[in-house]
Amino acid sequence: MAPQYAPSLRSRLAPLLFVLQTGFIVIYAFCVEIEQNVETHGNTFRNVYSEFQDVNVVVILGFGFLGTFLVRYGFSGSGFNLLVAVMAIQWAVILNGYESWYYRGNITIDLRSLIVAEICTASALISMGAVIGKTNPVQLLIIALLEVSGFILNKWLLQRLLKVQPLNSIMQLHVFGAFFGLMLTWILYRKGSEQRFEKEKSDHKTGLFSLLGTVFLWMFWPSFNSILVDHPAPWRKLWAVCSTYLALAVSAVTAAAVSVLTSSKGKLNPSHIQRCTLAGGVAIGVSMSVVHLPWVAMTIGFAAAVISTLGFSYLKPHMLLAFECHDTCGVLIIHGLPGLLGWLAHLLLQINDSDDPIMAIRFAVFHICSLLITLSLSMSMGLITGLLLKCNIWRSPQDKKCFDDQAFWEFPHLAVCK
């Protein structure tokens with residue numbers, strides 16, 4: 001029997017994709033050109049290109065495989081991730097180049113602009129994790145486009161109003177994405193979801209694919225964190241890579257230990273290993289500009305893993321019961337709390353390194369304001385997006401169709417012969 005909402009994809013998804021892609025082609029035709037004043041055969045290009053591919057692996061393979069943990073949602077978890085990512089990257093390139101177009105009449109792109117666009121897109125993919133399985137691809141595209149718009153606006157506000165360094169402003173992607181997704185899933189809450197959805201479950205095969213995504217993310221996260229480090233001293237990038245690697249290593253060990261301790265049977269929880277092992281990379285990404293000692297990075301990774309694993313065990317169920325937030329992937333636990341920990345570590349380390357009390361207080365005020373702006377804008381955008389998606393015109397999947405590939409994908413071997 002054909003899924004009830006299959007025709008809605010034909011009447012909504014295809015026109016939306018054609019309209020968006022045609023619009024992007026027109027904008028790129030008149031406003032975008034590729035940087036020409038660059039030596040493409042030098043070591044610089046080869047180095048940047050290899051890091052660009054690392055970020056590609058994180059965004060496409062890492063997040064894609066990570067979303068395949070649901071038994072009947074593997075195609076959607078990975079396929080929709082690719083579809084949404086490539087659309088959002090094109091949109092992010094345009095928004096990031098708006099000032100260039102305004103002042104110079106065109107947008108010039110190079111590998112660095114593509115990298116920044118991909119990192120902005122990662123924030124949208126984080127938000128999607130909160131509502132994955134409960135939305136259709138049309139809604140996911142709208143979420144991504146609005147979330148990327150809000151994140152780039154937040155980045156611009158932090159850099160213009162508070163003079164935040166570009167690296168520090170863009171690394172707020174974890175906090176922005178997590179709280180955008182949290183507000184979104186609160187608005188889109190479905191009555192009765194205190195109990196698990198019928199098809200919201202994993203098995204050993206899908207869990208293994210999801211763990212493969214974790215491995216990709218764990219391996220390439222140092223490149224993801226360090227690629228935008230732009231400093232005359234080359235050791236600054238080395239610091240970022242080493243700090244991220246050490247934080248990830250400690251985070252993996254700590255997540256495994258806490259997982260065993262919180263298990264009633266004294267065994268490893270696959271969900272903890274799939275997600276909480278990455279908490280150290282999230283936290284160090286927010287604070288790495290002031291982390292100069294290995295033990296500091298390791299301590300941040302340790303604390304992030306403890307907070308994330310305990311949160312996944314105890315906080316996530318209470319978020320559903322107390323606040324009616326059905327967070328499918330646990331983005332608050334994986335990205336939100338470690339991101340806030342990284343923000344706090346950044347604040348304390350910067351104050352500790354400051355010799356001037358006045359400058360320390362000034363930095364603390366600006367740092368707190370940057371967090372308040374990020375939280376306010378992310379939650380406001382999440383609220384607006386959620387209210388927009390509650391309209392019946394989008395035809396959200398019925399409860400019995402949630403977390404089911406058959407609502408969106410064609411499987412000839414499952415067709416019913418008449």
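This is a predicted model: local features need pLDDT of at least 70, side-chain atom pairs count only at pLDDT 80 or more; totals for chains, interfaces and linings use all residues.
The residues in question are L182, K316, M319, C325, D327, G330, L332 and I333. Helices α13 (294-323) and α14 each give two or more residues to this lining. The volume of the second largest cavity is about 40 Å³.

Rolling a probe the size of a water molecule over the atoms shows where empty space is left. Across the whole structure, a search finds three cavities of 30 Å³ or more. The largest cavity holds about 240 Å³ of space. Its lining has 20 residues, and those nearest the centre are F63, G67, L125, G129 and C329. By class, 13 residues of this lining are nonpolar, six are polar and one is charged.

The largest pocket has a volume of about 1,200 Å³. It is lined by 39 residues, with R112, V116, K155, Q159 and P166 closest to the centre. The lining comprises 20 nonpolar, ten polar and nine charged residues. Among the elements that supply at least two lining residues each are α3 (74-96), strand β2 (107-109) and α6 (137-161).

K155 is buried but has no salt bridge, and the nearest side chain of opposite charge, E99, is 7.7 Å away. Apart from neighbours within four places in sequence, K155 is in contact with N96, C120, S169 and I170.

Elsewhere, helix α12 (residues 279-287) is mostly covered, with nine of its nine residues buried.

Conventions
Residues are numbered from 1 along each chain as its sequence is written. Side-chain values use heavy atoms; hydrogens and water are left out. On a 1 Å grid over the protein atoms alone, a cavity is a set of points where a 1.4 Å probe fits but cannot get out, and a pocket is an open set with protein on both sides within 12 Å along at least five of seven lines; lining residues have an atom within 4 Å of a point. Grid points are joined across faces, edges and corners, and a volume is the space filled by probe spheres set on the points. Helices (H or I, at least four residues) and strands (E, at least two) are DSSP runs, numbered from the N terminus. Ala, Val, Leu, Ile, Met, Phe, Trp, Tyr, Cys and Pro count as nonpolar, Asp, Glu, Lys and Arg as charged, and the others, Gly among them, as polar. Buried means under 20% relative accessible area, exposed over 50%, partly exposed in between (1.4 Å probe, protein chains only). Lys and Arg count as positive and Asp and Glu as negative; His and the chain ends are not counted. A salt bridge is a side-chain nitrogen of Lys or Arg within 4 Å of a carboxyl oxygen of Asp or Glu. Contact means heavy atoms within 4.5 Å.
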